[in-house]
Amino acid sequence: MTKQNDKYLRFKEVCNRYRLKEKDMRFLWKNVKTIFCHEEFQKRMQDPFWHHQDVTIGEHILGDTILAYKVCKSKNKDDNFIKRTLYISMFHDLYVQSWMIYHKKEYFINSHAFSHPIEAIVNAITWFPQCFADLEDAKIIIDGVLHHMYPCPVRAFTSLKWEIFNAALYEKLDDKYKTIITCSLAPCLFKNMSLRKSFYLEGRILSHVDKVITMKKDLRGKKVFGACKTLLFAVAGRNKVS
């Protein structure tokens, strides 16, 4: 019980940074508690899973989720819409390895920026299958995660060798999820990449707030050069502090 209380306090700490009201905090906790408390998510709340500056991937994900929730509320969306948006937000950066650690890949289009959405959704389906039980919801969630980097493209499934760190987990997925992933990446193919925004508003909301939060951190103090470096290193998959 103490460990769970500690996790909630950490959750509440991040929520307070975004000035989330107590009522909204309780609603958010109710819907993301299982994901947030999972050991894999908790690993991403600490070193070596850094996102930008002194923010961990887990904190970044939660920040995106809070802001996405606020956008949904401002648009008076129903609870089912909000829940799908929260899932997309909580899953979008659940990739395998910290991007701050350089991993050389054979093909440039398999770099972190282009491949991590695939790793993230494979992990999410594997660790949180209950969130994908409804296939219509699953299509929306999967599409939102895969295309959250737009206008940055995502690696499509083509004959060119693909290099993701959880390929073995992908092979274990139910065929219905493999089909949804493949179909989501098929439209707008450009040189082995899928270049489009999410078909669904839930995904487009997350994509927007993700960029707002990330760029705001790097532009704080008018650090334009820092923001450009962040983009370069994210694409290349190199450690921006090295």
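Trp 162 is partly exposed, at 26% relative accessibility. That label covers the range between buried (under 20% relative accessible area) and exposed (over 50%), with a 1.4 Å probe and protein chains only. The model is predicted: local features need pLDDT of at least 70, side-chain atom pairs count only at pLDDT 80 or more, and totals for chains, interfaces and linings use all residues. Residues are numbered from 1 along each chain as its sequence is written, and side-chain values use heavy atoms, leaving out hydrogens and water.

**Aromatic rings**

Trp 162 pairs with Tyr 170. Rings of Phe, Tyr and Trp (its six-membered ring) pair if their centres lie within 6.5 Å; planes under 30 degrees apart are stacked, over 60 edge-to-face, and the rest tilted. Here the centres are 5.3 Å apart and the planes stand at 85 degrees, an edge-to-face pair. Tyr 170 is buried, with a relative accessible area of 7%. Lys 178 lies over the face of Tyr 170, 5.5 Å from the ring centre. A charge sits over a ring if NZ of Lys or CZ of Arg is within 6 Å of the ring centre and within 35 degrees of the ring normal. Arg 196 is placed over the face of Phe 199, at 3.6 Å from the ring centre.

The structure holds 15 aromatic pairs. One of them joins Phe 36 and Phe 41: their ring centres are 5.4 Å apart and their planes meet at 50 degrees, so the pair is tilted. Phe 36 is buried at 0% relative accessibility. Phe 41 is buried too, at 1%.

**Salt bridges**

There are 11 salt bridges in the structure. Each is a side-chain nitrogen of Lys or Arg within 4 Å of a carboxyl oxygen of Asp or Glu.

| Pair | N to O distance |
|---|---|
| Glu 40 and Arg 44 | 2.9 Å |
| Lys 161 and Glu 106 | 2.9 Å |
| Lys 139 and Glu 136 | 3.4 Å |

Lys 161 lies in the loop between β3 (154-155) and α8 (167-172), and Glu 106 in the loop between α5 and α6, so their bridge ties together parts 55 residues apart in sequence. Lys 161 is partly exposed at 44%, while Glu 106 is exposed at 51%. Glu 40 is buried at 16%, and Arg 44 is buried at 3%. Lys 139 and Glu 136 are three residues apart in helix α7 (residues 135-146), about one helical turn. Arg 10, Glu 13, Arg 17 and Glu 59 are linked in a network of salt bridges.

**Tyr 107**

Tyr 107 sits in the loop between α5 (79-91) and α6 (112-127). Tyr 107 is partly exposed, at 29% relative accessibility. Leaving out residues up to four places away in sequence, Tyr 107 touches Leu 160, Lys 161 and Glu 163. Contact means heavy atoms within 4.5 Å. The C-alpha atoms of Tyr 107 and Leu 160 are 9.0 Å apart, across 53 residues of chain.

**The whole chain**

The chain has 11 helices and four strands. These are DSSP runs: helices (H or I) of at least four residues, strands (E) of at least two, numbered from the N terminus. Of its 242 residues, 52% count as buried. Among contacts with a separation of 6 or more, 76% join residues 24 or more positions apart.
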